[in-house]
Amino acid sequence: MKRALSVVSEMFDIATGGGWKLMTALFETASDRFHEPYRSEIKALAEMTGIDLPEMTILNMLYEVAKACTSVVAKAEDGKVYHGRNLDFGFLFAWNMTSRTWDLTSTLKDLTVNLEFVRGGKLLFKGVTFAGHLGILTGVKPNAYTISTNTRFGSTAGGLLNFFAHGLGDTELLIYANRNMLTECDTWEEAYQYISNVPLIARGYFTMSNAKGEGLVITRGYNGTDHEAWIDLTKEDGWFSLETNYDWDKDVIYLDDRRGPGNDCMKQLGRKRVDFPGMYQVMSSKPTLNKATVYTTIMEVTSGVLQTAVRDCPDPCWFV
C-alpha cells in the first residue's frame, strides 16, 4: 500500500510542482464524510497499517476516478451466463523504461486479493479488490448475481467538488455501492433495483448477470439509469454484451479502441465455446489485455465460482 501511494504521490508532485502535501491536507477530514461502516473501517485500517489517514482515504477514492476496464457477460448454449472482466488501472502513472510497464499497475498486482465475506458463519459473497481498499470492484453472490464496475470517463470532477463542499449526502461511491448491494441485497430483483437507482458520486457502467440466465450492462447517471444493454438472443450476436469505458452511442477514442477488438473476439469465440477457458481466452486477447491490465476475473453465478489471475502483457502490447 505504501509503494502504491509512493507512485501516486511522486506523479502528483511532478504534475503539480509539489502539491502532494496540499492534497493530503485537503483529505485530512475527508473520511468523516463517508457513510458507515466505511468511515470507521478506514480509520481502523489506517491505524492498523500505520498509513496516515488522509493517504488511506486517497487510496480508497483513487479507484473511483481513474480505472479503465473491459467487462462482458455471455450466455452459453447450456443457459449459463459467464462474466469476464479485465481491470485496467495505472496508465499515465509513471512508465518504467526498464520493465516496460506502468509502475502503479505493477504495484497493484501485488495488492490484488480475492476475498470471501461471511456473516454468522454464512458466505455472503466473493469479491476481488486491492489490499487497503474497502470497496468491491468485482464480485459474485452465489446463485444470485455477479457485478463488475467500469469507469464512465469524464464524469467525476463535479461529484468530487460536491463531496468536499457538502459531503456524500444521499450519494455513494461506486465501489461502496457494489459492496452495499452484495451485502444487503439477497435476490437479483433487489440488487437490480438498488444498483439502477442508488445516487452516485460518479457515473459508471455496471455489468451484471443472474441465475435466471440473464445478463446486461447498465449505464448509470448520477441519479438513475441512462441505458441498458441486455443479452438478447433474438438479435444477431445478442448472446453477449460487452462494455469498456464508452457510451453505447459514442465512438471510442482512436488510441483506446478495446471495444471493437473485444466484440470481434467474442464473435470469433462463438456461443458454443462460452465457458471459463473460452472467456479467459477473450480477456487475454490484445488490446483487451494491455499494459495497464492488473487482473482478469471470470465468474459464473449459479456455481458461485470466481477465478482471478494477475496478468502480464508481454511485448508487443498496447499501453492501454
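Modeller: Let us start with D256 and R258, which are both buried, where buried means a relative accessible area under 20%, exposed means over 50%, and partly exposed lies in between, computed with a 1.4 Å probe on protein chains only. These two residues form a salt bridge in which the closest N and O atoms are 2.7 Å apart; the term stands for a side-chain nitrogen of Lys or Arg within 4 Å of a carboxyl oxygen of Asp or Glu. Side chains of opposite charge can pair when their charged atoms come close. The pair also belongs to a network of salt bridges, in which D88 is linked with D256 and R258.

Before going further, please keep in mind that this is a predicted model, in which local features need pLDDT of at least 70 and side-chain atom pairs count only at pLDDT 80 or more, while totals for chains, interfaces and linings use all residues. Residues are numbered from 1 along each chain as its sequence is written, and side-chain values use heavy atoms, with hydrogens and water left out.

K212 and E189 meet in a salt bridge of 3.4 Å, taken from N to O. This pair links distant parts of the chain, 23 residues apart, since K212 sits in the loop between strand 9 (204–210) and strand 10 (215–220), whereas E189 is in helix 8. Helices (H or I, at least four residues) and strands (E, at least two) are DSSP runs, numbered from the N terminus. At 55% relative accessibility K212 counts as exposed, while E189, at 45%, counts as partly exposed.

Helix 8, which covers residues 188–197, also holds S196. With 5% relative accessibility, S196 counts as buried. Its side chain reaches the backbone oxygen of Y192 at 2.7 Å, which brings in the term polar contact: a pair of N or O atoms within 3.5 Å, where within protein one must be able to donate a hydrogen and the other to accept it, and where residues adjacent in sequence count only if both atoms are side-chain atoms. Leaving aside neighbours within four places in sequence, S196 is in contact (heavy atoms within 4.5 Å) with I218, R220, G224, T225 and E228.

T244 is buried, with a relative accessible area of 0%, and, apart from neighbours within four places in sequence, the residues in contact with T244 include R258, R259 and C69.

C69 leads us to the cysteines. C69 counts as buried at 0% relative accessibility, and its sulfur lies 16 Å from the closest cysteine sulfur, in C313, which is too far for a bond. The sulfur of C265 is likewise too far for a bond, because the closest cysteine sulfur, also in C313, is 12 Å away. A search of the whole structure finds one disulfide, meaning a pair of cysteine sulfur atoms within 2.5 Å. C313 and C317 form this link, with their sulfur atoms 1.9 Å apart, and both cysteines are buried. The link is right-handed, with 100 degrees about the S-S bond.

Stepping back to the whole, the protein chain has ten helices and 14 strands. Its radius of gyration is 19 Å, close to the 20 Å that the globule rule gives for 320 residues, so the chain is as compact as a globular protein of that length; the radius is taken over C-alpha atoms, and the rule is 2.2 Å times the number of residues to the power 0.38. Buried residues, such as the D256 and R258 where we began, make up 54% of the 320 residues. Finally, among contacts between residues at least 6 apart in sequence, 63% join residues at least 24 apart.
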